[in-house]
Amino acid sequence: MSVNKEFVKFDKVDKSYDGKILVVKDLQLDIAEGEFVTMLGPSGSGKTTCLMMLAGFETPTNGEIYLDGNAISSIPPHKRGIGMVFQNYALFPHMTVYENLAFPLRVRKIPKDEADKKIDKALSMVSLQGFAQRMPGQLSGGQQQRVAVARSLVFDPQLVLMDEPLGALDKNLRESMQYEIKHIHESIGVTVVYVTHDQSEALTMSNRIAVFNDGKVQQLSSPDELYEKPVNSFVAEFIGENNTFAGEISDISEGKCKVKLANADILANPISVKEKGERTTVSIRPERALINPTDKMDNIHKGKIEEVIYHGDHTRVRINLLGNSEFILKVPNSSSNLDIKLGNEIKIGWNSDDARALDPK
Amino acid sequence: MSSENKQILTTDGTPLEVSLKKAEKKNKIKAFLLVAPLLLFIIITYVFPIGDMLMRSVDDKMVTEMLPKTYKSMEKWDGKELPPEEVFEAFYIDFQKLIEEEREGKLSTQLNYTKNGFKSIIKKLRRKSKSFEEGNYKEQIMAVHRRWADVEYWRAIKRRAPAYTYQKYLKGMDMYENEKGEIVNVSEDRRVHRILWLRTLEIAFFVTVFCFLMAYPIAHLLATLPMKYSNLLMICVLLPFWTSLLVRTASWMILLQQQGIVNDFFVTIGLVTDDNRVEMMYNKTGSYVAMTQILLPFMVLPLYSVMKTISPSLMRAGKSLGGTPFVAFWKVYFPLTIPGIGAGCLLVFILAIGYYITPALVGGASGTLISNQIAFHMKSTLDWSFASAMGLMLLSGVLVIYWLYNKLVGIDNIKLG
């Protein structure tokens with residue numbers, strides 16, 4: 001059985017609310033069947049608009065959206081058969097949990113005994129058996145969230161959309177719900193499109209992440225690739241922590257380039273630069289730069305420790321390095337790091353492969 | 001001794017519990033003093049007048065006090081035959097006293113309410129009693145007019161003996177207590193109040209329905225429009241509130257009268273001919289139109305305040321789960337607006353049931369309500385006790401509706417704003 005690679009397809013979709021500003025620009029996005037894709041981006045980046053267009057609450061200004069090969073732009077939301085979890089859960093406050101879950105089944109005229117079975121199954125999936133007769137107001141935020149998830153799945157949709165569903169929960173609950181949703185996705189194999197602005201949530205849950213900015217998908221790839229190999233400086237900056245150097249390419253060859261900074265040269269991996277003389281932003285992850293590099297690294301520079309912050313399992317060290325006073329290092333806490341003291345001069349080293357020369361900011 | 005049981009003392013040695021209570025008591029008194037003026041105001045302007053109204057509506061002391069001796073002597077009389085001489089004597093003494101105080105006219109008015117025909121015979125008795133001789137008053141009084149020899153009239157006097165009466169309430173229902181003490185309807189051609197009660201209920205009911213039908217979409221629009229438009233719309237809704245009720249009613253008169261703007265318009269577009277203009281005023285239509293317009297904000301505001309709290313994502317959820325827009329509205333949105341509907345309908349109905357100025361001005365004969373009748377008795381017949389009785393009947397009607405609403409919907413399920 002072959003998996004439909006284009007289960008959801010955004011084909012050259014534009015969206016403008018006022019006819020002046022495009023909030024979504026020429027969006028091209030394919031989502032495979034059974035995939036968990038997260039739309040990640042700052043607020044106003046167009047990710048929620050995309051979700052609303054998919055759900056049918058907004059219509060694309062240009063282009064077409066396909067679901068399982070069918071164009072859906074002209075199909076009203078209630079005929080799309082897409083499950084949706086809303087930001088504030090949107091449980092019907094005047095109905096019990098049971099009635100909430102029965103709503104999508106009743107409108108589909110599913111017989112009561114079959115519906116009851118489906119409701120039981122959905123409730124046990126989110127481990128809320130025995131809560132069927134409660135009103136939503138009597139449930140905690142986490143429980144309401146589970147009900148919302150169960151309601152979006154109870155009618156066996158092929159596609160479920162989630163619009164920042166964990167935004168209102170506290171940190172611990174949010175983390176456990178992340179795993180729970182991930183496990184539900186794995187066990188029933190439904191396609192999920194998830195919207196969030198929380199990058200750790202996206203990294204934890206998704207098969208692939210689409211990073212949105214300014215109405216465009218900046219990068220669509222798996223979480224590890226997104227983190228390790230950002231294709232532009234926005235993604236590098238938005239996902240995880242990032243140290244940057246702005247400079248100019250002074251020499252470029254296959255797989256390596258020399259970047260001229262204000263007072264030094266560094267070696268980097270050319271990603272989005274091609275020619276000598278181009279401006280660039282070099283991005284280095286904090287954990288890829290080491291203090292007292294022992295092995296042979298092709299970038300070794302001296303810097304001065306400006307700040308040391310203890311974080312339990314690691315220590316964050318801020319260093320003034322090559323004119324960048326915001327250079328952050330993460331040092332695992334072990335007894336060997338004795339010379340990390342405020343004001344000390346230390347050697348910092350990294351591999352040129354980990355220094356990615358991206359577009360200038 | 002464990003520390004939990006140990007009494008906590010303040011620095012000056014008094015137990016903390018006592019001094020806390022002392023401090024709280026002071027605060028409570030201060031708080032009470034702040035609300036005291038309002039409390040006093042409510043007692044003076046609300047509790048006292050309603051209590052007075054209640055007393056007035058059942059008060060029948062006037063006759064009792066005018067004929068004290070008569071009623072005392074009547075206690076033994078069984079009312080089957082003409083009363084004995086001592087009753088006539090007592091009546092004569094009471095009557096002479098009334099003549100001295102020039103109050104016999106009031107007595108005749110009061111007795112005439114109970115039975116027609118008292119007015120003339122009391123007048124006659126007054127004239128003749130000047131030349132009465134001492135003793136044998138029964139003969140002398142009966143000689144004044146043959147009605148004085150009729151036992152029915154003496155029974156009528158006796159009926160006025162109790163200091164309290166519910167006659168006015170019966171009258172408000174077009175009923176009365178006949179000579180035998182049975183409660184019967186008044187003859188059909190004299191039943192005015194029942195028609196008025198029914199018409200009041202009918203007009204209040206339909207005004208509530210019209211207000212609801214018009215206010216629901218407006219309130220929904222108000223709750224969903226962007227702020228800058230909804231503010232403007234809100235001003236339009238509230239504008240009538242800022243205009244005098246009389247001015248608004250008068251403008252309806254200008255619009256609705258036969259030579260008015262609406263009729264002119266109908267004639268212009270050829271809907272009616274010039275000599276066949278529609279009567280929209282001085283009848284029920286006038287009351288309906290003007291009252292609906294005036295009471296509309298009272299329906300819009302509670303609905304709006306409830307709709308404002310309903311998250312738009314609920315409708316979206318309803319649709320995304322497969323409900324058609326109508327199902328999503330009917331199963332999700334509408335049930336959530338019920339507290340607002342209840343509040344608005346209750347408010348409009350209760351206001352409409354007691355409406356006075358507008359029906360008085362545009363209602364004409366067929367569009368007036370019970371409150372206009374109350375006002376009529378307050379101002380024209382000066383039968384205040386009857387007006388009070390009807391006022392209280394209106395009040396209890398409202399309370400019944402309130403109770404019914406509580407039974408059906410639940411009063412905690414109401415949201416006024």
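**Pairing, burial and contact in a predicted model**

Modeller: Lys260(A) has Asp265(A) as its bridge partner in S13(A). The structure is a predicted model, in which local features need pLDDT of at least 70 and side-chain atom pairs count only at pLDDT 80 or more, while totals for chains, interfaces and linings use all residues. Residues are numbered from 1 along each chain as its sequence is written, and chains are lettered from A and ligands numbered from 1 in the order in which they are written.

Colleague: What makes S12(A) and S13(A) a pair of strands?

Modeller: A strand is a DSSP run of E with at least two residues, a helix is a run of H or I with at least four, and both are numbered from the N terminus. Two strands pair if DSSP finds at least two bridges between them. Strand S12 (residues 256–260) and strand S13 (residues 265–270) of chain A are joined by four bridges, so they pair by that rule. They run antiparallel and form a hairpin with four residues between them.

Colleague: Why is Glu164(A) called buried?

Modeller: A residue is buried if 20 or more other C-beta atoms, placed from the backbone, lie within 10 Å of its own, exposed if 12 or fewer, and partly exposed in between. Glu164(A) has 20 such neighbours, so it counts as buried. It lies in the loop between strand S7 (159–163) and helix H5 (171–188) of chain A, and its phi is positive, about 40°, although it is not a glycine.

Colleague: Is Lys109(A) buried or exposed, and what decides it?

Modeller: Lys109(A) is exposed, because its count inside 10 Å is 7. Its loop runs between helix H2 (97–107) and H3 of chain A. Phi of Lys109(A) is also positive, near 60°.

Colleague: Why is Arg134(A) called partly exposed?

Modeller: Arg134(A) has 15 other C-beta atoms within 10 Å, so the count falls between the two limits. Arg134(A) sits in the loop between helix H3 (112–125) and helix H4 (141–153) of chain A. Leaving aside neighbours within four places in sequence, Arg134(A) is in contact (C-beta atoms, placed from the backbone, within 7 Å) with Thr96(A), Val97(A) and Leu139(A).

Colleague: What makes a group of residues a nonpolar core?

Modeller: Such a core is a set of buried Ala, Val, Leu, Ile, Met, Phe, Trp, Tyr and Cys residues joined through C-beta atoms within 7 Å. The largest has 99 residues, and Leu54(A), Leu161(A) and Val211(A) are among those with the most contacts inside it. A second, separate core of 47 residues includes Met280(B) and Phe386(B).

Colleague: How do you know that chain B touches chain A, and which helix of chain B supplies the largest share?

Modeller: By the contact rule, 15 residues of chain B are in contact with 19 residues of chain A. Helix H15 (312–320) and helix H16 (325–353) of chain B each supply at least two residues of that side of chain B, and the largest share, six residues, comes from H15(B).

Note on methods:
Contact = placed C-beta atoms within 7 Å.
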